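Hi,

Here is the structure I promised to pass on. Have a look, and my notes follow below.

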Amino acid sequence: MKEVKVLLEQDEMPKRWYNILPDLPEPLPPVINPGTKEPIGPGDLAPLFPMELIKQEVSTDRYIDIPEEVREAYFQIGRPSPLYRAHRLEKALNTPAKIYYKREDVSFAGSHKPNTAIAQAYYNMKEGVEKIATETGAGQWGTALSLGCALFDIACEVFMVRISYDQKPYRRIIMELYGSKVHPSPSTVTNTGRAFLEKDPNHTGSLGLAISEAVEVAATNDDTKYSLGSVLNHVLMHQTVVGQETQLQFDKIDTKPDVMIGCVGGGSNFGGFIYPTLGKKLRGEDNSTRFKAVEPKGCPTLTKGEYRYDHGDAARLIPLIKMYTLGCDFVPSPIHAGGLRYHGESPSLSLLHKTGNLEAVAYDQLETFEAGSMFAKTEGLVPAPETNHAIKAAIDEAIDAKKKNEERIIAFNFSGHGLLDLKGYADFIAGRLK
Ligand SMILES: *Cc1c(COP(=O)(O)O)cnc(C)c1O
């Protein structure tokens with residue numbers, strides 16, 4: 001039989017997360033308190049996050065042990081995940097390249113997001129937190145955190161970007177099934193939400209605005225903490241289980257990727273996928289892989305944004321982070337890849353881009369759906385609209401390899417399935433997609 005997929009055993013699941021901070025080419029610029037203009041300390045974050053996550057956020061330890069209960073939950077929901085070879089896609093492209101994809105869609109929530117949701121719910125539970133408030137774009141993060149909270153038995157309140165709340169009712173239903181309370185954002189339950197609704201009753205919402213609402217709830221309730229599904233250091237670190245497994249899987253088939261590709265919203269699936277390998281490059285151990293971030297032209301943070309201090313949210317409640325940004329007031333076009341509609345970018349990924357360690361490319365929505373449709377026809381899997389961006393870049397790499405007659409090894413992170421994103425595909429099939 002051809003090599004179709006590379007599987008791992010339960011005990012091959014990573015036992016620790018990889019923290020890229022000590023390996024960065026320069027120290028990360030500090031997060032700044034907008035009032036005092038001073039770097040913020042752990043005490044400033046204590047109302048929002050449990051102490052263990054604050055420690056992880058600023059830790060310079062290269063590895064942090066994964067608690068046994070978190071590993072058990074990882075195993076329960078689908079880790080270790082398989083690495084697939086896209087033989088049929090390669091054949092359709094008639095390319096000498098070899099294309100591999102890491103299947104993060106196999107988790108119960110259908111994406112990579114439970115890798116951090118489970119860890120975050122666990123540490124909140126450990127520290128006696130009763131409720132977690134959060135935002136969600138397309139609904140994947142809300143679903144993942146609702147799953148994590150259900151597994152560790154804490155309450156969850158989700159502010160869901162209104163356009164997705166209206167376009168994607170099914171994820172809302174799953175969140176409610178897991179026991180969460182879901183509000184469309186802007187909502188009427190926070191001061192921030194009400195202020196934005198007053199200005200524009202038909203506001204379609206944005207991730208930055210939904211973050212403001214969730215932060216407000218956490219900051220004004222003692223028993224409630226806040227949780228972010230991307231961008232922050234600890235989130236990308238939790239996602240490195242993806243990249244560590246991928247390394248082991250490539251070792252098993254005695255292969256190394258020439259290029260690793262992922263779509264970027266806040267940067268968590270891409271960071272988690274590439275950081276273990278990029279870390280080797282930064283430490284001077286191995287320089288054989290390129291890294292390519294893919295984003296939508298409707299929200300081109302890395303390709304068109306500026307590297308500067310900005311707020312992570314629209315109401316400017318969150319401290320200033322140095323990152324690539326389109327400005328915290330930026331309202332992205334209402335593309336179907338809701339998870340990629342964020343004005344900012346993870347600070348570590350931003351620094352790595354600034355220092356020339358990453359390539360970045362932006363695509364139009366239509367060409368990403370064409371790529372996703374080709375993938376579904378050949379490989380049989382329905383990708384999330386976000387994932388379509390990575391697929392488009394992988395296809396372009398394979399076409400380029402064909403022109404140059406190279407047996408290029410291409411690996412991309414299949415961040416999630418699109419079985420709950422069929423509205424976008426319906427528009428695509430009907431020729432209505434812009
Ligand atoms: C949330 C999401 C993304 C984008 O978020 P990142 O933090 O950049 O990974 C990409 N793909 C899927 C399937 C998602 O759910």
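How far is an oxygen atom of the ligand from a polar backbone atom of Gly265? The answer is 2.6 Å, a polar contact (a pair of N or O atoms within 3.5 Å). Before going on, a caveat: this is a predicted model, where local features need pLDDT of at least 70, side-chain atom pairs count only at pLDDT 80 or more, and totals for chains, interfaces and linings use all residues. Residues are numbered from 1 along each chain as its sequence is written, and side-chain values use heavy atoms, with hydrogens and water left out.

Back to the ligand: one of its oxygen atoms sits 2.5 Å from an N or O atom in the Ser230 side chain, and for a polar backbone atom of Gly266 the distance to a ligand oxygen is 3.1 Å. On its own the ligand has 380 Å² of accessible area, and the protein covers 98% of that (Shrake-Rupley method, 1.4 Å probe).

Most residues other than glycine have a negative phi, and most peptide bonds are trans. Here, the Arg79 to Pro80 bond is cis, omega near -10°, and so is Ser185 to Pro186, with omega near 5°. Asp153, not a glycine, has a positive phi of about 60°. Asp153 is in the loop between helix H6 (140-151) and strand E7 (155-161); helices (H or I, at least four residues) and strands (E, at least two) are DSSP runs, numbered from the N terminus.

Pro80 belongs to the loop between helix H3 (68-76) and strand E4 (83-85), while Pro186 is in the one between strand E8 (181-185) and helix H9 (191-199).

Cheers

Key: Polar contact = N/O pair within 3.5 Å; in protein donor to acceptor, adjacent residues only side chain to side chain.
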